[in-house]
Amino acid sequence: MPSQVKNFSEYKFQRILDHNQRLREQLDLPRVRVSQASSTIINYVKSTKDYLVPSVWGPAGPADPFIAKNGISCSSCIIL
């Protein structure tokens with residue numbers, strides 16, 4: 001019985017050490033302030049055209065990567 005208690009205690013101790021190591025790794029990750037991250041996202045959204053929202057950006061024109069090439073278009077989708 002005492003050997004089982006010892007094994008369980010060692011197992012618990014090992015789990016605590018592993019958890020502590022993961023916390024130390026997370027502590028070393030680079031941090032960004034929320035205000036800086038928000039402004040970066042806002043700048044990206046303002047400067048990058050989204051061709052799937054024509055009400056905001058207007059008609060896409062020839063720069064649209066989603067437009068059908070060579071006048072070939074498909075009005076339906078077939079999934080096999």
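**Notebook: an open, helical chain**

I started with the surface: the protein exposes about 8,000 Å², and carbon and sulfur atoms supply 61% of that area. This is a predicted model, so I checked confidence next. The protein averages a pLDDT of 81, with 69% of the residues scoring at least 70.

Then burial. Of the 80 residues of the protein, I find that 1% count as buried, where buried means under 20% relative accessible area.

Secondary structure was quick to look up. I get three helices and zero strands, and from the N terminus on the order reads α-α-α. Among these elements, helix α2 (residues 34–47) has the highest mean pLDDT, 93. Helix α3 (residues 54–57) has the lowest, 75.

I stayed with α2 for a while. How far apart are its end C-alpha atoms? They are 20 Å apart, which agrees with the 20 Å that the 14 residues of α2 should span at 1.5 Å a residue.

Is α2 tucked away or in the open? The number of buried residues among its 14 is zero, so I note α2 as lying largely in the open.

Last, I looked for patches. Which residues form a nonpolar patch on the surface? I41, Y44 and V45 do, with about 340 Å² of accessible area together. A reminder to myself on spacing: an α-helix has 3.6 residues a turn, so residues three or four places apart point the same way.

Notes: Residues numbered from 1 in each chain as written. Predicted model: local features only at pLDDT ≥ 70, side-chain atom pairs only at ≥ 80, totals over all residues. Heavy atoms only, no water. pLDDT = per-residue confidence, 0-100. Helix = DSSP H or I, 4+ residues; strand = E, 2+ residues; numbered from the N terminus. Buried < 20%, exposed > 50% of the residue type's maximum accessible area, 1.4 Å probe, protein only. Areas by Shrake-Rupley, 256 points an atom, 1.4 Å probe, with all protein chains shown as cover. Patch = residues over 30% accessible without salt bridge, like charges linked within 9 Å, V, L, I, M, F, W, Y side chains within 5 Å. Salt bridge = Lys/Arg side-chain N within 4 Å of Asp/Glu carboxyl O. Expected span 1.5 Å × (residues − 1).
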